[in-house]
Structure formats: structure tokens, C-alpha cells
Amino acid sequence: MRVLKFMLRNTLRHKLRTALTILGISIAVVAFTFLRTVVTAWYAGVEASSPNRLITRNAVSFIFPLPLSYRDKIAQIPGVETVSFMNWFQGVYIDKNQFFPRMAVDAETALRIYPEFLVPQDQLEAFRKERNACVVGADLAQQYNFKLGDVIPIEGDIYPGRWEFVVRAIYQPRDKTVDGTQMWFHWQYLDERLKQEAPARAGYVGWYIIRISNPTDAARISEEVDALFKNSRAETKTETEAAFQESFIQGTSLIIQLLNFLSFVIIGIIMLVLGNTMIMSARERTKEYAVLKTIGFSGGTLAAIIAGESIMISIIGAVVGLFLAYPVVDLFALMVPKSWFPIFFIEPITIVLAGMSALLVGVIAAFFPVQRAVRTSIVDGLRFVG
Amino acid sequence: MKPIIEIQNVFKSYRRDSLEIPVLRDISLTVPEGEFLALMGPSGSGKTTLLNLIAGIDKPNKGKIFVDGTDVTSLGESALAKWRARHVGFIFQFYNLIPVLTAYENVELPLTLTSLSKKERREHVEAVLKLVGLGDRMHHYPKQLSGGQEQRVAIARALVTDPTILVADEPTGDLDKYSAEEVLTLLARLNQEYRKTIVMVTHDPRAAEKAHTVRHLEKGELQ
């Protein structure tokens with residue numbers, strides 16, 4: 001008869017109470033994991049940023065463009081490997097609810113600067129050759145059943161008119177942290193049409209993406225880029241890709257903080273549920289603990305028995321919760337359009353956090369019962385009437 | 001006969017709020033090895049308190065208690081717990097078995113504090129359960145046993161480590177006449193055949209008859 005077996009028997013003493021406690025913990029772990037996954041998904045763009053990519057945008061606002069002529073000047077700065085650029089195209093595909101990022105990119109450099117978008121060589125060449133070709137992410141292709149050769153019609157809004165793009169390449173995200181829902185087409189295709197229909201808007205890009213050889217040069221190169229265009233009609237703001245991505249979610253930071261806060265409130269609730277169970281259990285067993293002490297069990301062993309039971313319940317709850325969290329997160333991902341949360345999966349760190357929290361909850365919930373069991377004298381314990 | 005328990009001028013009182021309630025006054029007592037001593041007295045006379053002091057589960061305010069040469073009043077909590085595990089077998093009025101453990105596991109509990117192997121523990125537990133006549137009830141849970149059987153399991157638990165002394169607090173107090181007789185016969189047998197020193201608190205004159213010596217406590221004083 002080992003202590004572990006004794007703890008297990010104690011755990012099963014009130015089966016319904018233990019089952020309800022485990023269920024409560026499991027539901028809380030599902031909620032915790034889900035909220036953390038939402039928070040992680042929100043920050044996915046920041047997390048997936050490369051340290052050797054800088055973004056140069058208009059210093060006034062992201063919505064103001066920059067002249068294409070900046071490209072060659074930026075490329076002259078020591079430490080700059082490649083300069084690429086993009087325009088946010090937007091437009092409407094089918095209806096306004098069908099959202100996915102549509103970008104006009106420099107076909108020659110874009111896929112070189114984003115090596116996490118994997119495109120087969122033959123498809124890459126086909127994309128480069130054809131002016132109205134586009135490349136779509138594998139997730140997007142799956143969502144809309146796009147195949148090579150399909151034409152995607154888009155009604156322009158920022159750039160009015162009807163646009164048609166031929167799918168010539170499908171990129172695979174390198175790993176789970178890469179967005180597989182984007183659509184890229186030739187910037188030149190956009191620019192040529194602008195030259196005809198709105199010449200004043202031609203020759204401008206949304207932002208530059210600069211690949212640098214050494215991430216430690218990021219601050220210097222950023223300063224040098226911005227210095228180049230100081231006092232020009234379009235001053236620039238250069239920052240790391242991570243900082244650039246972060247600026248997009250800054251507006252929602254209060255919501256994120258609230259979700260973060262809620263996820264930890266849930267941990268507090270678990271603690272109360274388990275703490276209540278453990279206090280009730282320990283109170284009922286006051287006499288038994290006194291008997292164990294009479295037999296010769298030390299306070300430390302008693303503490304281990306009580307804490308062990310508490311930890312056992314919380315860990316079982318966490319394991320059940322994590323098993324349930326996967327289908328819940330998958331179901332949510334299926335229910336919302338992929339483009340809302342392109343990167344939505346339970347990260348290992350979330351599992352570790354849930355497990356550690358459960359362990360911590362188990363230890364803390366046992367604190368008062370342990371204190372009571374250890375501090376109650378044998379004589380008082382034996383006299384206890386529960 | 002060598003004295004196994006020596007109580008020297010022990011005083012014990014309890015505090016209830018600001019009130020000091022004296023329970024034992026200047027108790028001195030010597031119990032020789034192999035003795036079967038019954039402590040009798042009315043409720044509140046201090047018999048259980050004296051038994052608790054002998055068993056090292058409570059401490060006197062004043063005085064010394066030696067058990068087999070060890071001054072138990074000088075031991076700290078941790079040392080006292082180890083000492084109890086080795087030297088004291090406690091039998092309670094209400095058996096106090098752990099309900100989630102079988103008879104076998106309840107008896108095995110004190111042995112888990114020793115360095116005995118699983119096989120050795122099994123041999124000890126089986127031997128002692130057979131000795132109390134429960135060899136065929138080893139895997140029963142307390143709720144599946146009668147009161148008399150439960151008390152015999154409790155005796156087996158007290159006995160399994162072969163302690164220096166056995167202390168019993170009203171061991172027949174919760175039993176019917178037949179079961180009480182069985183338990184008393186068993187205690188008498190342990191005393192006679194195995195030379196176990198037993199200190200028993202009882203109200204029951206029939207229980208006291210089984211003892212070699214009967215001492216009476218009255219208002220915290222030995223008569």
C-alpha cells in the first residue's frame with residue numbers, strides 16, 4: 001500500500017464530488033486554452049515576423065503611398081539585401097463578407113523576401129511570366145476551391161473597376177505559423193492600369209519591405225532610410241516587421257488585455273472550485289489525519305497526501321480539459337472564415353501554461369487544508385466531530 | 001520486573017479561553033514491563049489525558065514521562081512521531097480505521113513508515129491478522145466488518161510493528177457484550193502469551209477484571 005494508492009482512494013471517496021470538480025476544472029481549462037489561442041492568433045503576425053525584414057511606410061500614415069523611386073535609393077544603403085514593395089488592394093470577391101488579404105506585389109522579389117511562402121518552381125515561373133497572374137495560399141485555395149488556371153474576379157474599391165486574376169501558383173505555408181490565406185498579384189498589372197485610368201495614382205507603392213543581411217543592423221538601416229527622405233514630400237517611417245505588425249493590433253490591445261485578464265480569472269475560478277473541494281475533504285478527514293499522526297505519520301507526509309490528492313485532481317482536470325480543447329478550437333476554426341484567424345491552433349506554450357497553471361492551482365488549493373491538518377493537534381483531531 | 005513506563009509528577013491543564021482547567025495533578029506512576037493496567041474513573045477524571053501523555057500524542061505542562069528509558073516529554077514533534085511509530089500501538093474506542101482501505105491495508109499502514117520490503121510487510125500483516133482471527137477478512141473494507149471485527153483490525157494495526165506498549169482507550173466502549181468479551185480476551189492473550197505491556201482506559205468493570213492492576217483516577221488524581 002503506497003501513498004499514491006492511498007491518495008487515489010481518497011480522490012475516489014466522493015466520486016460525484018470529484019467528478020464534478022474535475023469537470024469544472026476541465027471546462028475552465030478549455031476556456032483558458034481557447035482564450036489563450038485567440039490571443040495568440042491575434043499576435044500571430046507579430047510572432048511570425050522575421051527579424052531581418054524592415055518595413056518602410058509613409059511617416060504620416062500607412063494609408064498614404066510612397067513613390068516607387070525610393071526603391072533604388074533604399075537599395076544603396078549598406079546592409080540592404082533586397083527591396084520589395086506591396087500595395088493593399090482590397091476589393092470585393094463575391095461579397096464583402098468574403099474577406100482575405102489581396103495584395104499587389106513586386107513579382108520578382110516578393111517571394112524571395114518571404115521564403116516562408118513555398119511555391120513550386122514551375123508555378124513560380126508561370127506566375128512571373130503572366131501580368132495578371134496571381135498566387136494564392138493553400139488554405140485560401142482550399143476554402144474557395146481555387147485551382148491552377150482559375151480566374152478570380154474582383155470588384156475594385158480602393159482601385160475601382162473589375163479586375164480578373166488567373167491563379168498560376170499556390171503557395172504552401174512553411175509551417176503552422178504562416179498565413180495561408182493571402183492572394184498576391186503583380187503590382188505592375190495594377191500600375192499599368194492606373195497609368196491609363198488614374199495617372200496621378202500610378203508609380204506609388206503602399207510600403208517597402210527591406211531584407212537586411214544582419215538583424216543587428218536594423219536600427220541603423222531604419223535611421224538611414226528615414227534620413228534619406230527627410231524633408232521630402234513623402235517622409236518615411238521605417239521599423240522592424242514585428243513593430244509594423246504590432247501597430248496594426250494596437251487599436252485592439254484593450255480587448256486583448258481583457259481576454260488575457262479573463263484567461264487568468266478562469267485560473268482563479270479553478271482555484272476556488274478545487275480549494276473548496278479540498279477544504280471539504282480535509283475537514284471531513286480531520287479525525288483520520290489525527291489517527292495517521294498517532295500511528296507516526298509526520299506532518300510532511302500528511303501534507304504530501306493532501307497536496308498530492310489536490311494536484312492529482314487538478315492534473316486530471318487539466319488533461320481532460322486539454323483533450324476537449326482541441327476539438328473545441330478546431331470546431332471554432334471551422335465555424336469562422338479562415339481569413340479571420342488565418343493562424344489558429346493551440347500552441348505548445350498554451351499547453352505548458354495550462355499544465356503549469358493546473359499544477360499551481362493544485363498546490364495552492366491544498367494550502368489551507370494542509371495547514372489545518374498539520375496544525376491541528378492529535379488530541380483535537382481525535383475529538384473532532386465533522 | 002523492569003519498569004517500562006515511569007510517570008513523574010505530571011501536571012496537565014487545558015485552556016478554555018481565559019480559563020485554566022486542571023486535568024491531571026501531580027501524577028506519578030510506574031508500570032512494569034508485561035503489565036496489563038486498567039485506568040478507571042468517572043468521565044472527566046483525566047484517564048484519557050493520561051493515556052494520551054503516555055502514548056506521546058499530548059504533552060504535560062509539568063513533569064516527566066519515560067517509556068522504555070526515553071523521556072518522551074523532551075522529544076520534538078518530528079522525533080515524537082517517529083518514536084510513536086516504533087514504540088506505541090494505539091487502540092481507539094471507535095476503531096478509527098481508514099474507510100477507503102481494506103483490513104489488510106489498514107494494518108499495513110504503520111509498516112509503510114518502516115524500511116520493510118513489500119514481502120516482509122505482507123508476512124507481518126498476514127501473521128497479525130491471523131492472530132486476531134481475521135485471516136479470512138483481510139480484503140474486506142471496514143464497512144463490510146462488524147464492530148468487533150473492526151476493533152480486532154484496529155488491534156492488529158496497533159500490534160503490527162511489535163510496539164513497546166499498547167495503549168487502549170475504551171476499547172470495548174462501542175461494542176456489544178459478546179464482541180467486547182472477544183476483544184478483552186484477545187488483549188489478555190496478547191498480554192499473557194506475547195508479554196505485551198497494555199495500558200487500558202475503561203469504564204467497564206468487566207474489562208477491568210481482565211487487567212492485572214486497576215488504578216482509579218478521581219478529579220485528576222490517582223487514588
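The model is predicted; local features need pLDDT of at least 70, side-chain atom pairs count only at pLDDT 80 or more, and totals for chains, interfaces and linings use all residues. Residues are numbered from 1 along each chain as its sequence is written, while chains are lettered from A and ligands numbered from 1 in the order in which they are written. The model scores ipTM 0.92 and pTM 0.72. Chain B has a mean pLDDT of 92, and 100% of its residues reach 70 or more. Here pLDDT is the predictor's confidence in each residue, from 0 to 100.

Start with α2(A) and α13(A). Helices are DSSP runs (H or I, at least four residues), numbered from the N terminus. The axes of α2(A) and α13(A) come within 7 Å and cross at roughly 45°. That makes α2(A) oblique to α13(A). Axes are lines fitted to C-alpha atoms, for helices over the stretch in contact, and angles run from 0 to 180 degrees between N-to-C directions. Angles under 35 degrees count as roughly parallel, over 145 as roughly antiparallel, 65 to 115 as roughly perpendicular and the rest as oblique. The crossing is right-handed, a term for the near helix being turned clockwise from the far one by less than a right angle. Residues of α2(A) in this contact include Ile22(A), Ile25(A), Val29(A) and Phe34(A). Their partners in α13(A) include Ile313(A), Gly317(A), Leu324(A) and Val329(A). Contact means C-beta atoms, placed from the backbone, within 7 Å. By class, the residues are 15 nonpolar, eight polar and no charged. Ala, Val, Leu, Ile, Met, Phe, Trp, Tyr, Cys and Pro count as nonpolar, Asp, Glu, Lys and Arg as charged, and the others, Gly among them, as polar.

Now take Val329(A), which lies in helix α13 (residues 299-335) of chain A. Val329(A) counts as buried because it has 20 C-beta neighbours inside 10 Å. The cut-off for buried is 20 or more other C-beta atoms within 10 Å, again placed from the backbone. Leaving aside residues up to four places away in sequence, Val329(A) touches Phe34(A), Thr37(A) and Ile346(A).

Helix α2 (residues 15-42) of chain A also packs on α14(A), at an angle of about 145° with the axes 10 Å apart. This crossing, too, is right-handed. Val29(A), Phe32(A), Thr33(A), Arg36(A), Thr37(A) and Thr40(A) in α2(A) meet Thr350(A), Leu353(A), Ala354(A) and Ala358(A) in α14(A). Five of these residues are nonpolar, four polar and one charged.

A further partner of α14(A) (residues 348-365) is helix α11 (residues 253-284) of chain A, with axes that come within 9 Å and cross at roughly 40°. That makes α11(A) oblique to α14(A). Their crossing is right-handed. Ile267(A), Met271(A) and Leu274(A) are among the α11(A) residues here, and Ser357(A), Val361(A) and Ile364(A) among those of α14(A). The classes are eight nonpolar, three polar and no charged residues.

Next comes the interface. The contact takes 19 residues from chain B and 15 residues from chain A. On the chain B side, α2 (77-87) and α3 (103-108) give two or more residues. The largest share, five residues, comes from α2(B). That side divides into ten nonpolar, four polar and five charged residues.

Finally, look at helix α1 (residues 47-55) of chain B. Nine of its nine residues are buried, so α1(B) is largely enclosed by the rest of the structure. Among the buried residues are Lys47(B), Asn52(B) and Ala55(B). Gly56(B) follows α1(B), with a positive phi near 75°.

Note on methods:
Contact = placed C-beta atoms within 7 Å. Buried ≥ 20, exposed ≤ 12 C-beta atoms within 10 Å, placed from the backbone.
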